[in-house]
Amino acid sequence: MNRNLYSLLFYLGLPFVALRLWWRGRKAPAYRRRIGERFALGLPQFRQGGIWLHAVSVGESIAAAPVVRALQQRYPDLPVTITCMTPTGSERIRALFGDSVQHCYLPYDLPCRARKFLTALKPVLGIVMETELWPNHIHQCARMNVPVVLANARLSERSARGYARFPRLTAPMLAQLSGIAVQTRAEAGRFLQLGARPETVQVTGSIKFDLHIQPQLLQTAQQLREQWQLEQRKVWIAGSTHEGEDLLMLEAHQQLLQAFPEALLILVPRHPERFDTVYRLCRAQGLEVMRRSSAEPVSVATRVLLGDTMGEMLLLYALADVALVGGSLVPHGGHNLLEPVALGKPVLSGPYVQNFLEITGQLKDAGALREVSSASDTATAVARLWTDPKARQDMQQAGQQVLKANQGALERLLQLVSGFLEPLRQPSAAMEMRKTTTEETP
């Protein structure tokens, strides 16, 4: 399948795309808003000639945060536009950056829609987080002489096999990328086998290791712990949980309450459309539950704090003594383990961590991560860490060592990106680049 056939199939599939939006909108009404942007209609009035960064959803938006802030500091004259595909990603982008960036949904990967979006934006550089590859957007950038960098790129063996099934689509697309900053050597090899140009591929590591915790966040967490009298209680958190995991976590908490009657579970579902469902589940288990969105203080009777707000994941992790990262007890692939590690928390996860195999492997080898597979396993592991200060300290120190040993990927990525942006520091060069971009627009 080549790009033309891919585009034809995409056009033919538009009714199913619309049906999927409608279906998702039943559970998450936000999917029915701003639909025009997904077809490059009703786009914001962009400041042109800046940096376009695409972060498909929440995880990529969080990973992109240090990149965006560094670019804003180094190139304050260049507007930054961030696109995503999900309402939760959109909310996180707005929470992280406010009006300091331009934002909209990325239009679907149709030739005419990609062309209209890029013509309206006229970026001088595109940055795509991780491996969200859209053949028509990349092709239109190439036609407009807009370099595109794939940042923090990852490519599992399974994904590589999927791309390899369509070599006439994949190879030209990868060859059009101007830079590929990959996390590991193994992934670099997979990109090269699929058709990436060797001179574009660099192993930079994962920028997730460069997570910086703001002192103000730690101060806020400490104030809440004191206000809610958590210093006298055992607290654990299950973050970014998916359907099927919430009940397991509540069962584990019921077991913990038998030995630690004052224990508190902070339960944070991954998707906002599940907040109400999980709240009802907590009530059905006979547990006193408080919603974080209520802004009411946690009382001595509260046994579950439901994290039903956006943009507070790090704060909620900071409140706990032990952290379990969800998406790993069901076959989802896991979520970012380094957020609680950066906060000095001992970390638990389930066995389904294929999205973070490299990070998981390093944490396991260092003794910074423990794997659980059931409610009973979880309760046992949490209880041990609550009652064994040395075990808890050993895991915390091991996690910090892994974090420090892998930092520096952000600076290596910025050096790669600067090769495309430094010419813009010269006014004449910037003018010529923008002129070329305009002239090349079909």
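In the predicted model, the side chains of Glu157 and Arg190 meet in a salt bridge, with an N to O distance of 3.7 Å. Glu157 belongs to helix H7 (residues 157–164) and Arg190 to helix H9 (residues 185–194), so this pair ties together parts that are 33 residues apart in sequence. The two partners differ in their surroundings. Glu157 has a relative accessibility of 51% and therefore counts as exposed, the cut-off being over 50%. Arg190, in contrast, has a relative accessible area of 18% and is buried, because the limit for that class is under 20%.

The salt bridge between Glu157 and Arg190 was found alongside others, the search of the whole structure giving 15 salt bridges. In one of them, Arg292 is joined to Glu312, and the closest N and O atoms are 2.9 Å apart. This pair links distant parts of the chain, 20 residues apart: Arg292 is in the loop between strand E10 (289–291) and strand E11 (304–306), while Glu312 is in the loop between E11 and H13. Both Arg292 and Glu312 are buried.

A further salt bridge is formed by the side chains of Glu371 and Lys364, at 2.6 Å from N to O. Glu371 is partly exposed, with a relative accessible area of 43%, and Lys364 is also partly exposed, with a value of 36%.

The strands include an open sheet of 7 strands in the order E3-E2-E1-E4-E5-E6-E7, with parallel pairing. Its edges are formed by strand E3 (102–105) and strand E7 (201–203), each of which pairs on one side only. On average, neighbouring strands of this sheet are turned by 20° against each other, direction ignored. Within the sheet, strand E1 (residues 51–54) and strand E2 (residues 80–84) run parallel and are joined by 4 bridges. Trp52 has Thr81 in E2 as its bridge partner. In general, the strands of a sheet pair through backbone hydrogen bonds, in either a parallel or an antiparallel arrangement.

Helix H10 was examined for its length and its burial pattern. H10 comprises 13 residues (residues 215–227), which at 1.5 Å a residue should span 18 Å; the C-alpha atoms at its ends are 18 Å apart, in agreement with this expectation. The buried residues of H10 are Leu217, Ala221, Leu224 and Arg225. These residues cover an arc of only 100° around the axis, which puts them on the same side of H10. Helix H13 (313–319) is included in what covers the buried residues of H10. The face of H10 turned away from the buried side carries the exposed residues Gln216, Gln223 and Gln227. Just after H10, Gln229 adopts a positive phi of about 55°.

Arg280 is located in helix H12 (residues 275–284). With a relative accessibility of 53%, Arg280 counts as exposed, because the cut-off for this class is over 50%. Between Arg280 and Tyr317 the separation is 37 residues in sequence and 23 Å in space, taken from C-alpha to C-alpha.

Notes. Residues are numbered from 1 along each chain as its sequence is written. This is a predicted model: local features need pLDDT of at least 70, side-chain atom pairs count only at pLDDT 80 or more; totals for chains, interfaces and linings use all residues. Side-chain values use heavy atoms; hydrogens and water are left out. Helices (H or I, at least four residues) and strands (E, at least two) are DSSP runs, numbered from the N terminus. The expected span of a helix is 1.5 Å times one less than its number of residues. Buried means under 20% relative accessible area, exposed over 50%, partly exposed in between (1.4 Å probe, protein chains only). The arc is that of the directions from the helix axis to the C-beta atoms. Contact means heavy atoms within 4.5 Å. Two strands pair if DSSP finds at least two bridges between them. Axes are lines fitted to C-alpha atoms, for helices over the stretch in contact, and angles run from 0 to 180 degrees between N-to-C directions. A salt bridge is a side-chain nitrogen of Lys or Arg within 4 Å of a carboxyl oxygen of Asp or Glu.
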